[in-house]
Amino acid sequence: MSLVNFSAREITCKIVYYGPGRSGKTTNLHYIYGRVPADRRGTMVSLATQTDRTLFFDFLPIELGTISGFATRFQLYSVPGQVYYNATRKLVLQGADGVVFVADSQARQLDENIESLQNLQANLLEQGVDVRAVPLVLQYNKQDLPPELILQQNELDDALNFRGLPSVPADALSGRGVFETLKAISALVLRRLSQESPK
Ligand SMILES: Nc1nc2c(ncn2[C@@H]2O[C@H](COP(=O)(O)OP(=O)(O)O)[C@@H](O)[C@H]2O)c(=O)[nH]1
Ligand SMILES: [Mg+2]
């Protein structure tokens, strides 16, 4: 749930990076952390297991500057993708203003992507939220892998993107597509906010 503080002229929005295990959600946040100037970001909190799996979630607060006179803050979260962490995923998802779905472009991961998208829909529904009402951007990550291993953007759109949502091919390790994704989701979230706010 976005927080708008009119007296301090601040807006705080929550963006959740969702997707199957090892699709590159944490890598997105690490890249953003490394590129946002230190005075515009807080500490990145990462709770991972020894094998580098996200155990609970990652959290990264950033400032995107002033929009319509309001200092705009985004709190970026990532969920653990592994199936058995669903309770944590639900918790992190609560009150999200926008969701980035990070898909793994590898052909052999297609079922995991579909399952995770369905899980997103089910978890939102349980919270009384229709997935179609939530600002959502799809990111097709790992596009750097050999072409014979991955699906192209149009193939992934056919398989995952029935609603014609914004989709961004990416390689979060090198950073390609990472800020494009963040810009796309923040634009959707801010547009939603301006539609909802009292005139
Ligand atoms: N080749 C390639 N590997 C990636 C990319 N993004 C992430 N990875 C690797 O995939 C693994 C899982 O990434 P991670 O960000 O921890 O996934 P998460 O479970 O979604 O948070 C790590 O070994 C990353 O280095 C990418 O764009 N291309
Ligand atoms: Mg992770």
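## Helix H1

The buried residues of helix H1 are Lys25, Thr26, Thr27, Asn28, Leu29, His30, Tyr31 and Ile32. Buried means that 20 or more other C-beta atoms, placed from the backbone, lie within 10 Å of the residue's own; 12 or fewer means exposed, and in between is partly exposed. H1 is thus mostly covered, with eight of its 11 residues buried. Helices (H or I, at least four residues) and strands (E, at least two) are DSSP runs, numbered from the N terminus.

## Model and conventions

This is a predicted model: local features need pLDDT of at least 70, side-chain atom pairs count only at pLDDT 80 or more, and totals for chains, interfaces and linings use all residues. Residues are numbered from 1 along each chain as its sequence is written, while chains are lettered from A and ligands numbered from 1 in the order in which they are written.

## Overall fold

The chain holds five helices and eight strands. Read from the N terminus, the order is β-β-α-β-β-β-α-β-α-β-α-β-α. The C-alpha trace spans about 55 × 35 × 30 Å along its principal axes. The radius of gyration, taken over C-alpha atoms, is 16 Å. That agrees with a compact globule of 199 residues, which would have a value near 16 Å. The globule rule is 2.2 Å times the number of residues to the power 0.38.

Of the 199 residues, 42% count as buried. Contacts are C-beta pairs, placed from the backbone, that lie within 7 Å. Among contacts with a separation of 6 or more, 68% join residues 24 or more positions apart.

## Ligand 1

The shell around ligand 1 has 18 residues, and Arg22, Gly24, Lys25, Thr26 and Thr27 come nearest. A residue is near a molecule or strand if its C-beta atom, placed from the backbone, lies within 6 Å of it. H1 (residues 25-35) gives the most to this shell, with three residues.

By class, the shell divides into three nonpolar, 10 polar and five charged residues. Nonpolar covers Ala, Val, Leu, Ile, Met, Phe, Trp, Tyr, Cys and Pro; charged covers Asp, Glu, Lys and Arg; the others, Gly among them, are polar.

## Strand E7

All of E7 (residues 136-141) is covered: six of six residues are buried, so the strand is largely enclosed by the rest of the structure. In a regular strand the side chains alternate between the two faces of the sheet. Here both faces are covered. Leu136, Leu138 and Tyr140 are buried on one side, and Val137, Gln139 and Asn141 on the other.

E7 has two partners below. Strands pair if DSSP finds at least two bridges between them. E6 (residues 98-104) and E7 pair in the parallel sense over six bridges, and Ala103 has Tyr140 in E7 as its bridge partner. E8 (residues 167-169) also runs parallel to E7, joined by three bridges. There, Leu138 stands opposite Ser167.

E6, H3 (residues 110-126) and E7 make a right-handed β-α-β unit. E7, H4 (residues 153-160) and E8 make a right-handed unit as well. Right-handed means that, with the strands pointing away from the viewer, the path from the first strand over the helix to the second runs clockwise.

## Strand E2

E2 (residues 10-18) is mostly covered, with seven of its nine residues buried. E1 (residues 3-5) pairs with E2 in the antiparallel sense over three bridges, and Asn5 stands opposite Glu10. Their hairpin has four residues between the strands, and Arg9 takes a positive phi near 50° in it.

E2 has parallel pairings too. Eight bridges join E2 to E5 (residues 70-78), where Thr72 is the bridge partner of Ile11. Four bridges join E2 to E6, where Val100 is the partner of Tyr17.

## Positive phi in two loops

Most residues other than glycine have a negative phi. Arg22 has a positive phi of about 70° although it is not a glycine. Arg22 sits in the loop between E2 and H1. This residue is partly exposed, with 19 other C-beta atoms within 10 Å. Arg22 is also among the residues that come nearest to ligand 1.

Lys142 has a positive phi near 70°. Its place is the loop between E7 and H4. Lys142 is buried, with 22 other C-beta atoms within 10 Å.

Methods
Two residues are in contact if their C-beta atoms, placed from the backbone, lie within 7 Å.
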